[in-house]
Amino acid sequence: MLTVWAILIDGFIYASWLFLVAAGLTVIYGVMRILNMAHGSLYALGAYAAASALGLYYAGGGDQLWMAFVIIAVCAITIGAITGLAIERGLLRLMYGRDEILMLIITFAVLLILEDVMKLIWGTTPYFAYQPYAAMGRINIDVLTVSRYDLMVLVVSIVIGASLWFWLERTRIGKILRSIIHDREISQAMGVNVERMFTITFMIGATLGAIAGGITAPIISVVPGIGIEVIVLAFAVVVTGGLGSITGAAIGAIIVGLARATSIHTMPELELFIIYAVMAAVLVFRPHGLFGQAVARKI
Amino acid sequence: MHLDKTEISLIGVAVATALAAQLSPDWLVFTLTLAISTALVVMGVVMLMRAGLVSFGQGLFYCLGGYAVGLGGRFLGITDALLLIGLGVIVTVAVAMILGLLMTRYREIFFAMLSLAFSMILYGILVKSHGLGSTDGFGVVDWTLLWLESETADGANMALLLAIGLALTIALFLNRYFKSSIGLACEAIRENEVRVEYMGISRQQVLYINYVLAAAVGSVGGSMTALAAGHVDPTLAYWTVSGEFVFIALLGGTGHVAAPFIAALIFTLVRTYAVELAPNAWQMILGIVLLLIILFLPKGIWSLFTRKKGAAS
Amino acid sequence: MKTTQQPRTWQHVLFSATTSIFLASAGLLGLAANASAQDSFKVGFVTFLSGGASGPFGVPASQGAKLVVKAINEGTLPAPYDSQGVNGLSLQMVEVDEAGGPTKQVEEYRNLVQRQNVNAVIGYISSGDCLAIAPVAEEMETFTIAFDCGTSRMFEELDSPKYVFRTGLDAVADNVGAARYLAETHGDAKRIAGIQQNYAWGQDSWQDFTLAMEQLMPEAEIVNNQTPQIFQGSYGTEISALQTRRPDIVHSSMWGGDMESFVAQANARGLLSQATALLTTGESGLHRFDGQAPNGTIIGGRGPFGGFMPENDLSEWFSKAYEEEHGIPPSYPASKAAQAILALKYAADNSGADGVPSSEQLAAALKGAEFPSVSGTVNMGLSDGHQAVQPMLYGEYHFEDGKAELRNVKSYPGDCVSAPDGYNAQEWIKAGFPDSSCD
């Protein structure tokens, strides 16, 4: 029984983190049809910015928990928005209309460049901003313990997911975006400024990536290469759920999270396969993912 | 047999490279061997690309080819390079024939992700195989080629000549294949697969054959890499390696059988000099070079060699 | 429908010409490198400069190596290394990134030897790279020192090595030493769990550790082993899974950022107040945990390196010089890199060569040698004189008043933790450590 509870708790905590990482990816893909490999770099940028700023704050004698969260939020949003703007305006804009796969490779090149840029800025020494995670403490359930910080990630994830859903489904700008998703050319003909919408979307997606990194920073030690590790994970979640769907990303994250927790608690040696096995299994039965829509083929 | 101009020049370039290699420094011989092996796998990626499919899991077949050489030498006692490569092709074709039944139902990003998933599952299995050295991999036995031994004399040179021979055979075959009805049907599928069906061609069948052939070519590349480097490890199946193949394929373009070879050579040389000149920023250099090529040569490096740039579709 | 274009003949001429020019220029670049004068000794230094292993290992190692190389060229090292240069030649170091996997490293190794014409190569943190490089080094007859990689298969698979040396210990020594330390200090522990990165290093470490535990603490029960992916970073689920098994000891061979993350999370989640952690590479976090690891956590440094360095002239000089330049005391990868460079200087100075020593002369000088180093005297006593034998040390982490220190340090002599020549390491453990002496 203990194990079942542990699986549920761990599964949902991990799923909330996965959703945070994958949300930006799916938003960008949904609107722009770009599978953004550089999403991993934005995650890493957010993590580095937050970890180094937190390091400065704590080294300077600060010890206010709320201040730490303000720092994380400000750092992640600033760096995400700026980098997102730079990538979209400086590079992707020149490439619109190209093949989907070519766009993917372009973002891969961006990823390579950003990896080294981060190394030039922050060096290779791990950044270790554990203070907020340690300060929030834990809840004890029998022998199990749950970190309050992890629970907070769960809450943040739900809030971000709900706001994204509201933004896409209930606001004017969301309606415009959905019209672009539906048919880019017709919406342009109807007077939608598609380019500006793309800029906004990419900035929001990039910021989401950076926020995921920033919020993860106190849990992990921030080292070069963390970005590359999360990309495939995020891809797997997004493809399982159905590309471009927020609900899909959430359901995909929960399925992958629970499957992984089950494997770790019962058969730890299978952990490496489980994510890919889940993705392959879902795709075999739902070729476009759980919430993906088949595109009509042109004749 | 009548040879067309492309074929004559392919043979010419192969002979010239083989001769030039006798005068080249040893490191270049080795780099060239690796570049040719890589190019063979890239050729498989290009074959799929011509049919509109992008595989992020070609490392699966690359790895199968490599491990077939390693395991065949270690456990079956086979030392002949051609037999080892043949073994790799047989195993790979068997796997591809099963996976192909599923894979050919997918398109675009779903094809890419599913191929990635299968490649990563193989990676996971190999990482878990403690007996095979897990991520450390293991060494490939000293091999022979017909009556020659790789260890004596000039092993590196022999590997290169073998690679050139295989590459030439495959390039000549693919050059004809691309112009055969099935090769052309692949391109037609990329343009519009529904119309292809209307014309009475089974797209499933065409894609299936193409997929299995691409896998076999990838396997040869993997086997050749294993023979040259003398070591195999699960990294061969890791997704970043497959990503690199796609990268090189786009670099070269899909216009000609020679394109992957040139692209692979340029990629390898750019990387090795970048690593030497800027050990701390070689990824950045690689990224910038690739962006520049995508920006200024959208049809790949091969477009430099054709007069009518991008006069197509 | 795309039309297949038939390139004309002249285009092929152009193509062949371009290719030839390309090949020729690449060849010339290679020749140009040949031309460098031979009044210096050139050594290739290969270590991780990118990726997750660069921060905790690659870069400190590179810094340690550079520091020693600089001191060698200035002649400012303590005796017996106080002569300037190696065998009177100035020492030049070429750095290469170890990232990219064994195949790429084989290529880079060949480039180092054949294009850059280095006289020797030192490097390799990853075991896979060592396994791939060792036969190539023998084939190319180039003096090569592996300074860190820990696989016990390296010399098992190399038939009578001639040019390849290793100046560090293998993972067997780490884990046999860990089991001995546990038996001595935590003899009453009943439930043992583990968490290892899911790759060869983690699997080998856990195998050697559990085999040694069966011999040394047969009463203890192995309750669980978690294998998270390397660079995963967050270990929440693994920590819960470990907690539900209620272990007394958690053994981990995780290294670098992963190890630090695990310790911080396990501490915050309370796992480390339920169980004592045993970290075989924990020393690299000694000055970074900042109290995040509870006092009493058992840490090792893969031998007498980093915080475990004995006090001698060399180690004092090294610690002081490193701290002056980089602000923190050297961690074990830095000391191990320094040791390999010292081995090179020892070999070159004692090669008896006139001018640049050949690989054969270097190998003959280092084979079976005993040379002073930052870790005390190193005895190249195993694998026919190619593998170092050194003591293995473990100690407890203590953090008080903002300062970290090692307490309750115990040292196990080399013969006690490393398999003698002629034994497969795992067979040696299973047979109950024959021919070992632990006094």
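1. Within chain C of this predicted model, 30 residues of domain 1 are in contact with 26 residues of domain 2. Contact here requires that the C-beta atoms of two residues, placed from the backbone, lie within 7 Å. Residues are numbered from 1 along each chain as its sequence is written, and chains are lettered from A in the order in which they are written. Because the model is predicted, local features need pLDDT of at least 70 and side-chain atom pairs count only at pLDDT 80 or more, while totals for chains, interfaces and linings use all residues.

2. On the domain 1 side of this contact in chain C, α2 (54–74), α4 (127–140), α12 (332–349) and β12 (376–382) each supply at least two residues. Helices (H or I, at least four residues) and strands (E, at least two) are DSSP runs, numbered from the N terminus. The largest share, four residues, comes from α12(C).

3. By class, that side of domain 1 of chain C holds 13 nonpolar, 13 polar and four charged residues. Ala, Val, Leu, Ile, Met, Phe, Trp, Tyr, Cys and Pro count as nonpolar, Asp, Glu, Lys and Arg as charged, and the others, Gly among them, as polar.

4. Domain 1 of chain C covers 40–170 + 309–389, and domain 2 covers 172–308 + 392–430; these bounds come from an automatic or database domain assignment. The centres of the two domains, taken over C-alpha atoms, are separated by 27 Å.

5. Between chains, 34 residues of chain A are in contact with 36 residues of chain B. The elements giving two or more residues to the chain A side are α4 (100–122), α10 (226–241) and α12 (271–285) of chain A. The largest share, 14 residues, comes from α4(A). This side of chain A comprises 26 nonpolar, one polar and seven charged residues.
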